[in-house]
Amino acid sequence: FLCGTYDKEVYDSTDSTAFEAGHYRKHCVEQLKEEVECLDVDVLLTCEWPQRLVRKLSPEEQKAVGEACPKEVRQRICSEVVTELVQVCEPKFHICALGGKFYRRPAYLTKEGKSTCRTYCMGTIGSGSKWLSGLDVDLGRAPNTSEATANPFVDDPEGPAEPVQPATNDELKVAVQVEDEEMRRFRKRFGAAPLDVLQCHTHVEEKEQAALDRAALRDEKRDAKKLYENQKGNKRFKAGNQA
């Protein structure tokens, strides 16, 4: 994961610290690239969106992303640094934020067309948009490359993709359909909604911790009782010898 956002002055600074006022430095990013370069990255977390994420989308998807995060907002939250990091990592999932509203980009091809990356841009809590999403992570399943778009970060002979179009009133319908389909798949696999699964998991963890605490308390009482009995036996043994 990469915390923080881009600031030119902080990024180019030679200061030895990794961050300053919520901004990352260049040497921190370069170190992260070196660490993941030879790894198979499953999930990448960043605050910012990658630059050029919305390239090579269909007109319908361009409208959807325009509604979720207008162009003027994307200009503030997109970073070329994150784009470079994504290209090095080539993760199966990329989770980013700051857009305000939820948007899930269609999967795009990575690893020379042998794999895919799904990008989830999370919404802000209280914004009225989706801010909690369950990922269907099955690392043993082969990626469906047939429905993926071309890699938006790689230039091709066809030239630049069609620019983002102004938002229309039909865009929310597309986003709702995507979320409903995702929710149906999650319910079918796990038998509950993502929030219910999270709450159940938390409840089970609390129960397990309580059981561990009770077992530890029983062990302490048992050890204390053994210690008392041993001390009591030693006193009797000494008293017998004295007699």
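Guide: Two strands pair if DSSP finds at least two bridges between them. The model here is predicted, and this rule is applied to it.

Visitor: How many bridges join S3 to strand S6, and in which direction do the two strands run?

Guide: Strand S6, residues 93–100, is joined to S3 by 3 bridges, and the two run parallel. Leu45 has Ile95 of S6 as its bridge partner.

Visitor: What is the strand order of the open sheet?

Guide: The order is S3-S6-S8-S7, an open sheet of 4 strands with mixed pairing. S3 (43–45) and S7 (103–110) are the edge strands; each has a single partner, so one side of each lacks a neighbour in the sheet. On average, neighbouring strands are turned by 25 degrees against each other, direction ignored.

Visitor: Which strands does helix H3 touch?

Guide: Helix H3, residues 59–68, packs on the sheet and touches S6 and S7. The direction of H3 makes about 130 degrees with that of S7. Helix H5, residues 80–89, lies across S3, S6 and S7 and runs at about 165 degrees to S3.

Visitor: Which residues make the nonpolar surface patch?

Guide: Phe1, Val43 and Leu45 make a patch of about 310 Å². Val43 belongs to strand S3 and is partly exposed, with a relative accessible area of 39%.

Visitor: Which residues are linked with Glu20 in a network of salt bridges?

Guide: Asp15 and Arg25 are linked with Glu20 in that network. Between the side chains of Glu20 and Arg25 the N to O distance is 2.6 Å. Glu20 is partly exposed at 39% relative accessibility, whereas Arg25 is buried at 1%.

Visitor: How many residues apart are Glu30 and Lys33 in helix H2?

Guide: They are 3 residues apart in H2 (residues 26–36), so about one helical turn separates Glu30 and Lys33. Their salt bridge has its closest N and O atoms 3.6 Å apart. Glu30 is partly exposed at 29%, while Lys33 counts as buried at 12%.

Visitor: Where do Arg222 and Asp219 lie?

Guide: Both lie in helix H7 (residues 194–242), 3 residues apart, and are therefore separated by about one helical turn. Arg222 is partly exposed at 40% relative accessible area, and Asp219 is partly exposed at 33%.

Notes
Residues numbered from 1 in each chain as written. Predicted model: local features only at pLDDT ≥ 70, side-chain atom pairs only at ≥ 80, totals over all residues. Heavy atoms only, no water. Axes fitted to C-alpha atoms, helices over the stretch in contact; angles between N-to-C directions. Contact = heavy atoms within 4.5 Å. Patch = residues over 30% accessible without salt bridge, like charges linked within 9 Å, V, L, I, M, F, W, Y side chains within 5 Å. Areas by Shrake-Rupley, 256 points an atom, 1.4 Å probe, with all protein chains shown as cover. Salt bridge = Lys/Arg side-chain N within 4 Å of Asp/Glu carboxyl O. Buried < 20%, exposed > 50% of the residue type's maximum accessible area, 1.4 Å probe, protein only.
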